[in-house]
Number of protein chains: 2
Amino acid sequence: MTHSQTTLHPIWDEFPAIRKELQGVLDRIEANLDANDADVEAALIDMFSHGGKLLRPAFTILIGRFFPAEREPLLNLAATVEMLHTASLVHDDIIDDSPKRRHAESVQSRFGKDVAAYTGDYLFAVTFRTLADNTNDINVVRMATRYLERILSGELTQRTNHYKRDMTIANYEDQIAGKTAALFVLAANLGIAASHTPKDFADLATDFAYNVGMAFQILDDLLDYSADSTTLGKPTLNDVREGVYSAPLIIAMQDNEEIQALLAKGATISDDEAVHLGELVRASGALAIAEDMAVAYTNTALERLSDMPEHESKHILLSISQTLLTRND
Amino acid sequence: MTHSQTTLHPIWDEFPAIRKELQGVLDRIEANLDANDADVEAALIDMFSHGGKLLRPAFTILIGRFFPAEREPLLNLAATVEMLHTASLVHDDIIDDSPKRRHAESVQSRFGKDVAAYTGDYLFAVTFRTLADNTNDINVVRMATRYLERILSGELTQRTNHYKRDMTIANYEDQIAGKTAALFVLAANLGIAASHTPKDFADLATDFAYNVGMAFQILDDLLDYSADSTTLGKPTLNDVREGVYSAPLIIAMQDNEEIQALLAKGATISDDEAVHLGELVRASGALAIAEDMAVAYTNTALERLSDMPEHESKHILLSISQTLLTRND
């Protein structure tokens with residue numbers, strides 16, 4: 001695959017060394033892909049050229065740089081986590097019938113669900129090939145397969161929790177621990193695998209990545225409800241219609257008969273009713289509670305970070321964690 | 001996952017030792033699956049309890065038994081090839097919108113495409129976990145990822161060849177080498193991996209599996225056209241409508257203006273026209289040519305088999321190859 005025109009996210013502008021490595025990750029992803037089908041190639045170029053923030057491969061690289069690591073395996077292992085993430089996004093869009101992804105048309109919308117199914121499967125295959133080619137330790141492969149299962153099981157938990165009006169915050173935390181935090185933890189562990197870190201550092205980095213992942217997802221879900229527009233955004237409306245409930249709604253719906261009655265309408269809730277639902281969530285005080293949850297995870301993450309040894313990576317991780325966990329877009 | 005009621009195919013009735021091992025493979029598949037979602041569990045039980053002939057895990061076991069192998073890894077590696085095969089079938093059914101699979105309703109038809117997408121992804125994850133857990137050799141994982149890519153690239157080649165009215169038999173052979181033969185070769189190589197065979201045996205077994213796979217797919221495609229009914233079967237009609245052309249049609253359509261004109265109608269070909277297409281294919285002499293192709297692959301397979309050392313497996317492989325490659329259902 002060649003000729004993707006990738007623009008790296010401005011979050012990396014102030015860290016040129018990492019920016020360069022992330023460009024190296026994208027180059028390696030491209031070099032690894034040869035899908036044998038014009039539409040799948042186009043779909044892949046599409047996905048990786050709207051490459052988002054590349055947070056997960058950045059975690060692999062930043063964690064991996066604390067202790068001496070060989071550059072080539074480190075960048076390739078960072079590539080695997082981004083490919084895995086992208087594979088799951090492509091398949092999520094089939095499941096959600098989502099028209100948009102990364103501010104562009106989704107693969108399934110542009111090329112059809114057959115191309116989306118193949119593209120995701122092909123990325124899974126390349127992910128595992130790249131993983132196995134860049135470690136000599138079978139335990140690294142074993143570790144990665146367990147996190148992949150955990151990620152998929154998180155997605156399945158989300159499915160099981162559909163329309164669950166007695167869903168608890170504990171259910172929600174279990175769900176996002178799988179579908180979001182496990183991928184951050186995998187990213188950190190691939191950095192650890194590439195650099196033979198001491199055990200105590202590995203534990204700190206794993207715990208840091210978990211807490212960042214949790215805070216990141218809660219904030220993402222919070223932003224859906226706290227937008228200063230007076231309506232729920234379209235994606236959130238779709239989530240509610242499809243029975244996907246996130247922290248603000250879960251907190252607000254406990255013992256709230258009006259919200260329960262609206263949710264009981266299931267997929268038939270009208271646009272006006274959904275707007276009203278958003279108002280009820282905001283009026284309930286749930287946003288402050290969800291924000292406290294995110295702050296608690298963020299604080300734990302920053303504590304783990306502060307216990308790490310002095311290193312350039314530590315300062316960069318601190319800076320991007322603060323940027324990410326206080327974002328409002 | 002528990003309580004599947006599996007009936008093994010009668011092809012194994014005369015080989016009780018292998019029958020027992022295949023039951024062991026199914027037991028290990030079930031023990032490995034814990035999908036965390038009732039529908040996905042039900043979908044998996046559905047797939048594995050209509051388990052087909054289990055040819056691919058049988059190849060792993062039979063090839064693996066020529067030389068001393070540890071039973072537990074051998075059965076687990078055999079399980080991985082069946083799980084991989086099943087994952088690709090589940091995703092194929094999303095792509096094809098297929099209502100049937102293994103004489104039962106397909107996963108996507110019964111549970112929806114979201115369950116089908118997750119079920120396939122989950123099986124890919126369990127496949128790689130089981131693979132990595134049952135070898136200490138990273139090269140076995142590397143080998144398996146390359147065959148998985150080859151299988152997917154064969155499926156993509158099939159997609160690229162859709163509606164290709166100048167498609168050649170070489171295009172077709174390349175396509176089935178990937179989508180069918182590569183999985184048989186992977187099955188054989190997992191048996192080889194579990195038993196540390198000498199290199200010359202490994203080459204024979206690989207070549208045997210490739211030729212069986214090629215003959216198997218050509219015969220499968222031949223049966224679609226040679227049925228004594230006067231109509232194309234419904235699946236074949238769907239294939240033609242979707243632009244999937246197999247050996248009999250590819251042979252017949254070369255320089256045949258009437259067939260070319262019917263195919264030019266693409267997805268709009270009527271039922272009556274498709275029936276007529278089937279008659280034209282049968283009248284063209286293409287079936288005999290396709291049969292000669294299958295016979296040539298079968299003969300090569302049997303030659304490779306005859307060069308293998310004396311072993312109970314050799315006689316069983318001969319018997320099932322003959323049964324498979326002369327089947328008419």
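**Briefing on a predicted two-chain model**

A:Asn299 is found in helix H14 of chain A, where helices (H or I, at least four residues) are DSSP runs numbered from the N terminus. This is a predicted model, in which local features need pLDDT of at least 70 and side-chain atom pairs count only at pLDDT 80 or more, while totals for chains, interfaces and linings use all residues. Residues are numbered from 1 along each chain as its sequence is written, chains are lettered from A and ligands numbered from 1 in the order in which they are written, and side-chain values use heavy atoms, with hydrogens and water left out.

**Relation of the two chains**

**Helix packing in chain A**

- Helix H9 (residues 199-226) and helix H14 (residues 286-306) of chain A pack at an angle of about 155°, with their axes 8 Å apart; axes are lines fitted to C-alpha atoms over the stretch in contact, and angles run from 0 to 180 degrees between N-to-C directions.
- H9(A) is therefore roughly antiparallel to H14(A), a term for angles over 145 degrees.
- The axes of helix H3 (residues 55-64) and helix H15 (residues 312-324) of chain A come within 10 Å and cross at roughly 155°, so H3(A) and H15(A) are also roughly antiparallel to each other.
- In H3(A), A:Leu55, A:Phe59, A:Leu62 and A:Ile63 meet A:Ser313, A:Ile316, A:Leu317, A:Ile320 and A:Leu324 in H15(A), contact meaning heavy atoms within 4.5 Å.

**Individual residues**

- A:Asn299 counts as partly exposed at 40% relative accessibility; buried means under 20% relative accessible area, exposed over 50%, and partly exposed in between (1.4 Å probe, protein chains only).
- A:Asn299 and A:Arg19 lie 280 residues apart in sequence and 26 Å apart in space, C-alpha to C-alpha.
- B:Gln158 has its place in helix H7 (residues 138-160) of chain B and counts as buried, at 16% relative accessibility.
- Not counting residues up to four places away in sequence, B:Gln158 touches B:Gln175, B:Lys179 and B:Val244.

Key. Helix = DSSP H or I, 4+ residues; strand = E, 2+ residues; numbered from the N terminus. Parallel < 35°, antiparallel > 145°, perpendicular 65-115°, else oblique.
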